[in-house]
Amino acid sequence: MNTQVIIVGAGPAGTLLSHLLGRAGIEHVVLEQQSRAYVLGRIRAGVLEWGSVEILRNAGLGDRMDREGQVHDTINIAWRGSEMLSIDSQRLIGRRMMAYGQTNIQEDLYEAADAAGNTIVFEAHDVQISDPARRPSVTFVANGVSERIDCDFVAGCDGSHGVSRAVIPAGVRTEFEKDYPFGWLGILSETPPLPHLLYANHQRGFALCSMRNPMLSRYYVQCPLTDTVDDWPDDRFWTELLARIPADKAAQIQTGPSIEKSIAPLRSFASEPMRYGNLFLAGDAAHIVPPTGAKGLNLAISDVHYLARAFADHYERGDDGYLDSYSAMALRRVWGAMRFSWSLTMLLHRFPDMSDFDQRAQEQELYHLSTSPSAQIAFAEQYVGLPLES
């Protein structure tokens, strides 16, 4: 078999790239190790930068998002129990955000793939990429049958544990990594959320109140990495969450049974370059950011936007300018998001080895943010997302 592009991974990055390539008339095949039901069952991010909203709309994927997504423009940050800062991104920089869950986006993408007839091979096992620097081919096993596809390019969109990044030789690849000494315990509940995002820096630890839709809330509390979900029955979770946020906000929260509960470690990771010959990485295959800045899904969307544009220029005009600049262009945005997510994580969490000096410095940074219009503008620009490069 032959095709122009093979996409490894059918999560949001891979399926969005497939959708964009299909619209451009570029032949491609998507290989996914897991089943369709498994991919749809993963609970992930839910806050979209406005640039991501526009990419999805321009790709014809905005109908359900515009019906069900929750547009909002305010980020609240609480500290010292009762101190509160509200950053209005629409007032400060003229841009907003949208709460729309990754699961919804994945459903929209699969529905679009079905309608377009794009080829996605689920449960493709033992995927191996050969000769990525020159004329790539990919072998895999599906339904017990070994297959091989030759192609012009491979797009590695298979996440942090996928095979694509490891194909880049260790002498070529440079990795940057930081692990954080705590995790986030997150729950979903079928209860009305607070009207705006609320972050809390509390002596008991970080907390976050987020949203998915008018009757689906997403809440998080910082917890030790040694904890398990069994350590956190619903009653304990709600008690801890309400203790970490201001009393007036706690009084507005409606508690209820959790419908999903998980603990995620926090990690910053980047691999450079994002291109090796005719292999290109996108999304979590190349970078991981802590969820504090809500950047993971948005970076995957911007990577794919850049990469789809590069492939289109190559096939339509014979112009490889965007292909050659893809890694450097994507990494500029990656490191901007990496720095912002790291700084917000450092600002809002209580670290196990934190000294009194560290705590005072953290509180002073929050005070500066609350009193400096310039600092609030810079924060809003980074949170809502800087414009994509042309």
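User: How far is the sulfur of Cys223 from the closest cysteine sulfur?
Analyst: In this predicted model, the sulfur of Cys223 lies 16 Å from that of Cys209, the closest cysteine sulfur, and that is too far for a bond.

User: And which cysteine is closest to Cys209?
Analyst: Cys223, again at 16 Å between the sulfurs and too far for a bond. A disulfide needs the two sulfur atoms within 2.5 Å.

User: Is Cys209 buried or exposed?
Analyst: Cys209 is buried, because its relative accessibility is 1% and the cut-off for buried is under 20%.

User: Cys223, buried or exposed?
Analyst: Cys223 is buried, with a relative accessible area of 3%.

User: Which way does Cys223 point from its strand, S16?
Analyst: Cys223 points the way that Ser217, Tyr219 and Val221 do, while Leu216, Arg218, Tyr220 and Gln222 point the other way. Residues on both sides are buried.

User: How many of the residues of S16 are buried?
Analyst: 8 of the 8, residues 216–223, so S16 is largely enclosed by the rest of the structure.

User: What pairs with S16?
Analyst: Strand S13, residues 174–189, runs antiparallel to S16 and is joined to it by 7 bridges. Strand S15, residues 207–213, is also antiparallel to S16, over 6 bridges. S15 and S16 make a hairpin, with 2 residues between them.

User: What stands opposite Ser217 in those pairings?
Analyst: Ser189 has Ser217 as its bridge partner in S16, and Met211 stands opposite Ser217 as well.

User: Switching to helix H10. What span should H10 have, and what does the model give?
Analyst: H10 covers residues 296–317, and at 1.5 Å a residue its 22 residues should span 32 Å. The end C-alpha atoms are 32 Å apart, which agrees.

User: How many of the residues of H10 are buried?
Analyst: 16 of the 22, so H10 is largely enclosed by the rest of the structure.

User: What follows H10?
Analyst: Gly318 does, with a positive phi near 70°.

User: Last one, His28. Where is His28 found?
Analyst: His28 is in strand S2, residues 28–32. His28 is buried, at a relative accessible area of 9%.

User: What does the side chain of His28 reach?
Analyst: The His28 side chain reaches the backbone oxygen of Ile26 at 3.0 Å.

User: Which residues does His28 touch, leaving out those up to four places away in sequence?
Analyst: Thr3, Val5, Ile7, Ser18, Leu21, Gly22, Asn118 and Thr119.

Technical notes
Residues are numbered from 1 along each chain as its sequence is written. This is a predicted model: local features need pLDDT of at least 70, side-chain atom pairs count only at pLDDT 80 or more; totals for chains, interfaces and linings use all residues. Side-chain values use heavy atoms; hydrogens and water are left out. Buried means under 20% relative accessible area, exposed over 50%, partly exposed in between (1.4 Å probe, protein chains only). Helices (H or I, at least four residues) and strands (E, at least two) are DSSP runs, numbered from the N terminus. The expected span of a helix is 1.5 Å times one less than its number of residues. A polar contact is a pair of N or O atoms within 3.5 Å; within protein, one must be able to donate a hydrogen and the other to accept it, and residues adjacent in sequence count only if both atoms are side-chain atoms. Contact means heavy atoms within 4.5 Å. Two strands pair if DSSP finds at least two bridges between them.
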